[in-house]
Amino acid sequence: MEQTQYITDDFLLSNKAARRLYHEYAEPLPIVDYHCHLNPTLIAADHRFDDICELWIECDPYKWRAMRMNGIKEEFITGDVSPVDKFTAWAHTLPRLAGNPLFHWSHMELKRYFGIDELLGPHNAIDIWDRCHARLEQAELSVHSLLKEARVHTVCTSDELLNNLKPHSEVTREKCGFNLLPSLRGDSILAIQGFGFTDWLQRPSDSTYENIQSLDDYKRAVCSRLDRFQQAGCLLADHSLDLLFFEDVSDNEARGYFAKVLKGESLAPLELQGLQNHLLLFLGSEYAARNWAMQLHLGAQRQTSSRLRSLLGPAGGFTCIGSCIDIVPLCRFLDKLESRGALPRTILYNLNPNDTEMLTSLCGSFVDEGVSCKIQHGPVWWYNDHKDGMERHLTALGNLSLLSRFIGMTTDSRSFLSYVRHDYFRRVLCNHLGRWVQEGQLPVDWVWLGEMVRGICFYNALEWLGIKEGKI
């Protein structure tokens, strides 16, 4: 049987209202990607990729995980076999992923960037490899051209405290057509009991941490680096809080615990939690003072296969959904910051889908006059990042919060082709709203509906984050 076109212009749009909302209002909009893991050095250098494997597979733990579950040997995933062999291994896996968003995203990426309509599989893997390779040899598929093709307005990369921020200064909207801003990945600041922490403090390539003899010295050094992020245009900071505790300790207690760390002594569990919470409160206050937004990623279970972790490191694609969030310490943490007048605008992400409605309801519990939705229930994350998860999230925002104030999607990816995820979200959003219109749950007012869609897809993020040069 002849294969019919799969990724059509109306993909995922099941009614007339959905199609009108998407094509007239959502599709033409630029993208604000306020959380991703793209490499800023590659962006600044306008990197060109040698092959589709480098661009599409080598940077994507989502694909690695799927390939492992399909029984593919690790050497064909992260090993030293040729790029074409890795691509062929992925082509053997993709047809097995019916119902998985990777099936949708992968074919959307092939269609948008390479003009390929066929379903990728073992039978046509080499042919599609050759066609992708021919396309990559053309200059218009450099990093900058990929971002422009996706209509990217602003990219906020995830950057460790001691990272070099020079690439961000080399990319400007006037020069390259988009903004490149750093965002702080703050986990290392709290990793005080982690292996190599004291060596990290004395990193020779950076003089910031010289002569740290106390917790107060450490805080001053951290603030010095935060100032550099501020100068580079940083608007957000991010923390992964897989297990959430809140043990409030005094300043003197925290100083004592940190002194033990500097001596190389181990902290008891409650001491460690107390010191980390003390530092997190300190950081939250600093973010608020700088008018940054704080992102909290909650509920991942990262300690799974010790074999894979030892083989591949912590980001190898083997984390799973963790237990439900304990809402009590989260509320205590946010309340402590608010009581100090130091609660920053905050984005909450949940990995356990059972936490969706709970976090959405929390958004109305901490408010500030003149600030719309100071606490945002952020876009679906990781294992919720699929059509069903998006629809549940949108329903929760409608039922329990202000859907029209939602700040939209992020890429949360290391792949430069992943901007189709924004398009995927926009299609799901418009189909969701279109269904409400079709069922009579929303009025047929295209000006009002269009304004809501444009806000969710683009303008809300610009306003909420305070991104300059927002009007286009």
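A: Start with Arg345, whose charged end sits over the ring of Trp464, 5.2 Å from the ring centre. A charge counts as over a ring if NZ of Lys or CZ of Arg is within 6 Å of the ring centre and within 35 degrees of the ring normal. Arg421 does this as well: its charged end is placed over the ring of Trp105, with 4.1 Å to the centre.

Two notes before we go on. This is a predicted model, in which local features need pLDDT of at least 70 and side-chain atom pairs count only at pLDDT 80 or more, while totals for chains, interfaces and linings use all residues. Residues are numbered from 1 along each chain as its sequence is written, and side-chain values use heavy atoms, leaving out hydrogens and water.

The structure holds 15 aromatic pairs (rings of Phe, Tyr and Trp, the last by its six-membered ring, with centres within 6.5 Å; planes under 30 degrees apart are stacked, over 60 edge-to-face, the rest tilted). One of them joins Trp56 and Trp90 edge-to-face, 6.3 Å centre to centre and with 90 degrees between the planes. Distant parts of the chain are linked here, since Trp56 belongs to helix α3 (residues 52-56) and Trp90 to helix α5 (residues 83-93), 34 residues apart (helices are DSSP runs of H or I, at least four residues, numbered from the N terminus). Both Trp56 and Trp90 are buried, that is, under 20% relative accessible area with a 1.4 Å probe and protein chains only.

Next, find Phe406 and Phe425, another edge-to-face pair, 6.2 Å centre to centre with planes at 75 degrees. Phe406 lies in the loop between α19 (387-400) and α20 (420-438), and Phe425 in helix α20, so this pair too links distant parts of the chain, 19 residues apart. Phe406 counts as buried because its relative accessibility is 1%, and Phe425 is buried because its relative accessible area is 5%.

Finish with the cysteines. There are zero disulfides in the structure (a disulfide needs a pair of cysteine sulfur atoms within 2.5 Å). For Cys176, the nearest cysteine sulfur is that of Cys36, 15 Å away. Cys176 is buried, with 6% relative accessible area. For Cys223, the nearest cysteine sulfur belongs to Cys234, 13 Å away. Cys223 counts as buried too, at 17% relative accessibility.

Methods: Buried < 20%, exposed > 50% of the residue type's maximum accessible area, 1.4 Å probe, protein only. Helix = DSSP H or I, 4+ residues; strand = E, 2+ residues; numbered from the N terminus.
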